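Subject: Structure handover

Hello,

Here is the structure we talked about. Please open it alongside these notes.

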Amino acid sequence: MRRNLSLALVAAAVLVANGGAGRWFADVTGQAGIRHKHTNRAFENPYAHIMAGYTALGASGAVADFDGDGWEDIFATDSQKSGKNRLYRNNGNLTFTDVAREAGVAEGNDDRNASSDALWFDYNGDGRPDLFVIRFGQSLLYENLGNGKFRDVTRQAGLTRYANSITAIAFDYDLDSDLDLFVGDYFQPVDIFKPNTPRFFPENFETANNGGGVAVFRNDKGAFTNVSAQVGIKISGWTLDLGHADADLDGDDDLYVAADFGTDRFFVNNGNGTFTDLTDKAIGVDSKKGMNVDWGDFDNDGYFDVYVTNITDDYMREGNFLWKNNGNLTFTDVSREMNVHDTGWGWAAKFFDYDNDGWQDIYAVNGWVSAGKDSYVPDIFEMVVKANQDFADARNWPPMGNKSLSGYQKNRLFRNHGGQAFKDEATLHGVDSVRDGRGVALADFDRDGRVDMFVSNANAEPFLYRNTAPARSWIGFEFEGRKSNRSAIGAVVTVTAGGRTQKLFVNGGNGFASQSSREVRFGLADAGQAAVKVRWPSGETQVFENLAANKTYKIAEGGKPAAWMAKR
């Protein structure tokens, strides 16, 4: 009774916020009890005056049902030296309680470490999501003990390396039924808090090869080994994001790497525990500033496409990529034709069907540093035009002070019009904030059939947006692998309903500074039932006919669908 009353009060607040109609998202952050402010890291070294811009990162949100009660929870990071990370437990009524301290995961920031991102993944296959806190410094792995508590298992898992990591995803690249770890590093492994050299900045704006690159850790029953060189992924760009999907539908997942400085890379999985760099054939030479990777089938042609944000501003007209998958391991950029080319200084962007019409929409957050009225851009230009400038030397960069750099930019909500074009409706639906957005984590937090958004912002409070779009049919799936990895990461799901076929997959953390729910959710428009095909990572295929709409089904590999039931 109490839960129903709380939801009714929230619904009433939503109607007031929407003026009764029109807007399809409502800011419920305050009512939900999510009140923390992310704070950027402040440095105390000789180069601190120019590091503020490069390290205005670390505001992230990662979603998982950590306590197994059926309600999606949120882990949110802070970055300041004394800052505490937050674990927001979902109370089941669209309110949350921070239990990070009691759970043992509040710490993550100190003199030599700053939290930059987080990833939930079941590293030991016990059915509970464990927590990987990604840091500039030494990242942390916490084992979920199943009683609301976590313990630090970083050392025993073999993940003690020092690196300036900014992103991570987990998927079973070698199909041995456990989740392997892919970590993207920004700076090289220098101590950026007390550097012993001034030469730790990008050597070149387009082709820098002095970044941190990508590290691949093979999982062997909970113990990790760095196998980057052996598997064929050895790069040294300034990685900002990683994304995986089965691009060629051959049963194993491939990898896209977005690099801020240095070129983006596409690696095809050879199916034998190695990858081949297929960048030249797949996407060609890229000199843009890759920020985000998300995979989704925007045109419902059965192949997973890629959305990569870059920089589009008055002085740097790069534009985003919407890489249409041609079905032969090549991609064509259709971002201009589809009207998703320009989102400003882009960060996270996610595919999802916010109106449940059966087409994947996109939400993108933007903005670098929003500060004073003066711009930092002229200072950068003055540096760039100097002859024989050594960009890698931090001493050559002008101080940033309180100047803004591509700040105060509106976020974008692109509605998909039948796979033919997108239209920005962020202002219409109240999600056009000008805070410096970083991450977008998606989940149906209140289990009402509509996907909500948690948006993290650098040096500012986050947003929790409740989706209030008009009700339409939907269907959701949660999977448990038996032969496959237990989390079923990489499982491909095809749904046919109302004369339309859609394809999604279980992803292991795609999206900059964010991780969305593992639940696979389809909008069905007005259809009342669906036919479903699941291709598990093991290669096993299952088909289910006439599943009723407006339910989430739990499916264990080889078993039958069971409708989800809440525990409270």
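S29 and S36 pair in the parallel sense, over 5 bridges. Two strands count as paired if DSSP finds at least two bridges between them. Strands (E, at least two residues) and helices (H or I, at least four) are DSSP runs, numbered from the N terminus. Phe477 has Tyr553 of S36 as its bridge partner.

A word on the source. This is a predicted model: local features need pLDDT of at least 70, side-chain atom pairs count only at pLDDT 80 or more, and totals for chains, interfaces and linings use all residues. Residues are numbered from 1 along each chain as its sequence is written, and side-chain values use heavy atoms, with hydrogens and water left out.

Sheets

S29 and S36 belong to an open sheet of 4 strands, in the order S33-S29-S36-S37, with mixed pairing.

Another open sheet of 4 strands runs S31-S30-S34-S35, and its pairing is antiparallel. Here the edges are S31 (500-505) and S35 (541-548). Neighbouring strands of this sheet are turned by 20° against each other on average, direction ignored. That angle is taken between axes, which are lines fitted to C-alpha atoms (for helices over the stretch in contact); angles run from 0 to 180 degrees between N-to-C directions. S30 (492-497) and S34 (529-535) are joined by 5 bridges. Thr496 has Ala531 of S34 as its bridge partner.

Around S8

Strand S8 (140-144) is mostly covered, with 5 of its 5 residues buried. Buried means under 20% relative accessible area, exposed over 50%, partly exposed in between (1.4 Å probe, protein chains only). Leu140, Tyr142 and Asn144 sit on one side, Leu141 and Glu143 on the other. S7 (130-137) pairs with S8 in the antiparallel sense over 3 bridges. The two form a hairpin with 2 residues between them. Phe132 has Leu141 of S8 as its bridge partner. S8 also pairs with S9 (150-152), again antiparallel and over 3 bridges. Asn144 stands opposite Phe150 in S9. The hairpin of S8 and S9 has 5 residues between the strands, and Gly146 takes a positive phi near 85° there.

Pockets

The largest pocket has a volume of about 760 Å³. On a 1 Å grid over the protein atoms alone, a pocket is an open set of points with protein on both sides within 12 Å along at least five of seven lines, where a 1.4 Å probe fits; lining residues have an atom within 4 Å of a point. Points are joined across faces, edges and corners, and a volume is the space filled by probe spheres set on them. Of the 40 lining residues, Gly127, Pro129, Glu478, Phe479 and Arg518 lie nearest the centre. S29 gives the largest share, 4 residues. By class, the lining divides into 17 nonpolar, 9 polar and 14 charged. Ala, Val, Leu, Ile, Met, Phe, Trp, Tyr, Cys and Pro count as nonpolar, Asp, Glu, Lys and Arg as charged, and the others, Gly among them, as polar.

The second largest pocket has a volume of about 420 Å³. It is lined by 25 residues, with Tyr54, Phe205, Met316, Trp345 and Ile380 closest to its centre. H8 gives the most, 4 residues. This lining has 21 nonpolar, 1 polar and 3 charged residues.

Best wishes
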